[in-house]
Amino acid sequence: MSDSPSGSGLDRRRFLGLAGGVAVGTLAAAARAGDSGPSAPGTVLVTGANRGIGLEFVRRYADRGWKTIATARRPGEAADLNALAERSQGRVVVEPLDVTDLAAIDALAEKYRGQAIDVLLNNAGVGGGGDNQIFGRLNYPVFDEVMAVNARGPIKMCEAFLPHVAASAQKKMITVSSSQGSIGSVKMPMLYFYRSSKSAVNMLMANLALQLKGRGIIVGLVTPGATDTDFMKGLPKAMLRPVTDAVEGMLRDIDGFTIERTGQFLDTKGGLLPW
Ligand SMILES: NC(=O)c1ccc[n+]([C@@H]2O[C@H](COP(=O)([O-])OP(=O)(O)OC[C@H]3O[C@@H](n4cnc5c(N)ncnc54)[C@H](OP(=O)(O)O)[C@@H]3O)[C@@H](O)[C@H]2O)c1
């Protein structure tokens, strides 16, 4: 499916009581007890969590009993996310974060210093708008923004949150990429910025996978397929997957990532996409 934008063992109650975050020791103890499988509740940090795919990830992880750090550019306007957090009995914590703000990423990492994050989920993304990326009238400020959100943001998140992920049981750094970033799959020229940003983030994560494999940290790239969110506004619904299906598929892939599979770029069925 092509996706092009138009524009447990662990006792659940232990986590419910840990509104401020899961202590490193708790997860380490769980790991020692052999209780660190992908479905065992841990802690996840999701960027761009206020709507679309990010919001659905938060909903699903919270349902699984995970502690969820849900970041959004403007939490004051994130009504759906705030309502979810209110119902979550402390499992979902909302934090402000613009992933283009490098100092803000560092500050958030500092705030959570000493707390383990099992899955760092780089989800925030922008398409840039089709009209801005037509060769002959490319809009370069938009190019900079798309690269800053889709490529620079994820690698900076991985740098800043490395200690948190390294201290966790599951040790996963996952980025929501796109088949549009697969150079081996492109058939017609379009979306210069968006495609480039996803190819760039793929290369950043391929590097990172090699860098961190020796430390047991798993780096993965997942893809939702063309999904019914604001990202695809204006496209016929019949062409789009429900967001619940897209997230279900990516959760399967995130759960299935192991250190042997680190660095893989997966399609919507969990198979390998060409770079
Ligand atoms: N939907 C698809 O068909 C599709 C296909 C392939 C890949 N993807 C990828 O899936 C991911 C999620 O897309 P989606 O469909 O859920 O899109 P969406 O509904 O447009 O949501 C995008 C999210 O990213 C956030 N975001 C944008 N710029 C940000 C920034 N500078 N800092 C922090 N957050 C920022 C948005 O926050 P605001 O509300 O503040 O703007 C929003 O929460 C993206 O990486 C996208 O490239 C989507």
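**Entry 1: the whole chain.** I started by reminding myself that this is a predicted model. I looked up the secondary structure and found 9 helices and 6 strands in the protein chain. The chain has 275 residues, and 48% of them count as buried.

**Entry 2: H9 itself.** I picked helix H9, which covers residues 243-256. Its 14 residues reach 20 Å from the first C-alpha to the last, close to the 20 Å expected at 1.5 Å a residue.

**Entry 3: the buried side.** Which residues of H9 are buried? I listed Val 243, Ala 246, Val 247, Gly 249, Met 250, Asp 253 and Ile 254. They cover an arc of only 160° around the axis, so they sit on the same side of H9.

**Entry 4: H3 and H9.** I noted that two packed helices are described by the angle and the distance between their axes. For H3 and H9, the axes come within 9 Å and cross at roughly 65°. Their crossing is right-handed. On the H3 side I wrote down Gly 52, Ile 53, Glu 56, Phe 57 and Arg 60, which meet Val 243, Thr 244, Ala 246, Val 247 and Leu 251 in H9. Sorted by class, this contact has 6 nonpolar, 2 polar and 2 charged residues.

Technical notes
Residues numbered from 1 in each chain as written. Predicted model: local features only at pLDDT ≥ 70, side-chain atom pairs only at ≥ 80, totals over all residues. Helix = DSSP H or I, 4+ residues; strand = E, 2+ residues; numbered from the N terminus. Expected span 1.5 Å × (residues − 1). Buried ≥ 20, exposed ≤ 12 C-beta atoms within 10 Å, placed from the backbone. Arc of directions from axis to C-beta. Axes fitted to C-alpha atoms, helices over the stretch in contact; angles between N-to-C directions. Left-handed = near helix turned anticlockwise from the far one by under 90°. Contact = placed C-beta atoms within 7 Å. Nonpolar A, V, L, I, M, F, W, Y, C, P; charged D, E, K, R; others polar.
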